[in-house]
Amino acid sequence: MKKLIMLSIAAVALAAWSASAADGKALYEQSCLKCHGADGKGDTTMGKKLAVKDYSSAAVQDALKDDAAVKAIKEGVKDKDGKTVMRGTDGISDADAKALVAYMRTFKK
């Protein structure tokens, strides 16, 4: 009986994680793809123009902290002169921003 309960809990957790990852992918495709590209490398016209980071790089991923990424997604990013280089994502919840970061983490090689 205990094994069945544990197996059920694991199945529910896996389903929730899968839904979150799918939501993160959908959000990424909607809001980030144009600049960061399908593979997170930033090898797009806008990505090159804005010199976005290569999120497939292990060094870039290791330097990026989740809370900083969530803040950037929600509030945007400014350069050293205060010019907006990435707009924040309007109306995104903390949970959705975290799902987006989790999806971005899948680019790491």
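Helices are runs of at least four residues assigned by DSSP and numbered from the N terminus, and in this predicted model the helix α2 spans residues 33-36 and contains H36. The relative accessibility of H36 is 10%, and because the limit for a buried residue is under 20%, H36 counts as buried. Leaving aside residues up to four places away in sequence, H36 is in contact with Y28, K41, G42, T44, V52, K53, Y55 and M86.

One of these partners, Y28, also belongs to the largest nonpolar core, which comprises 15 residues. Within this core, the residues that touch the most other members are Y28, I73, I92, L100, M104 and F107. Two or more residues are contributed by each of the helices α1 (2-31), α5 (66-75) and α6 (94-105), and the greatest contribution, five residues, comes from α6. In soluble globular proteins, nonpolar side chains tend to be buried together. The contacts of Y28, again without residues up to four places away in sequence, include the core members L100, M104 and F107, and they also include L33, H36, G37, A38, G40 and Y103.

The cysteines were examined next. C32 is buried, with a relative accessible area of 12%.

Salt bridges, by contrast, are present, and the search of the whole structure finds five. One of them joins the side chains of E29 and K25, with an N to O distance of 4.0 Å; both residues lie in helix α1, four residues apart, which is about one turn of the helix. E29 is partly exposed at a relative accessible area of 43%, as is K25 at 38%.

Another salt bridge connects K108 with D62, whose closest N and O atoms are 2.8 Å apart. This pair links distant parts of the chain, since K108 is in the segment after α6 and D62 is in helix α4 (residues 58-63), 46 residues apart. K108 counts as partly exposed at 40% relative accessibility, and D62 does so at 45%. A further salt bridge is formed by the side chains of K74 and D94 (2.5 Å, N to O), and this pair joins helix α5 to helix α6 across 20 residues. K74 is partly exposed at 32% relative accessibility, while D94 is partly exposed at 42%.

Terms used. Residues are numbered from 1 along each chain as its sequence is written. This is a predicted model: local features need pLDDT of at least 70, side-chain atom pairs count only at pLDDT 80 or more; totals for chains, interfaces and linings use all residues. Side-chain values use heavy atoms; hydrogens and water are left out. Buried means under 20% relative accessible area, exposed over 50%, partly exposed in between (1.4 Å probe, protein chains only). Contact means heavy atoms within 4.5 Å. A nonpolar core is a set of buried Ala, Val, Leu, Ile, Met, Phe, Trp, Tyr and Cys residues joined through side-chain atoms within 4.5 Å.
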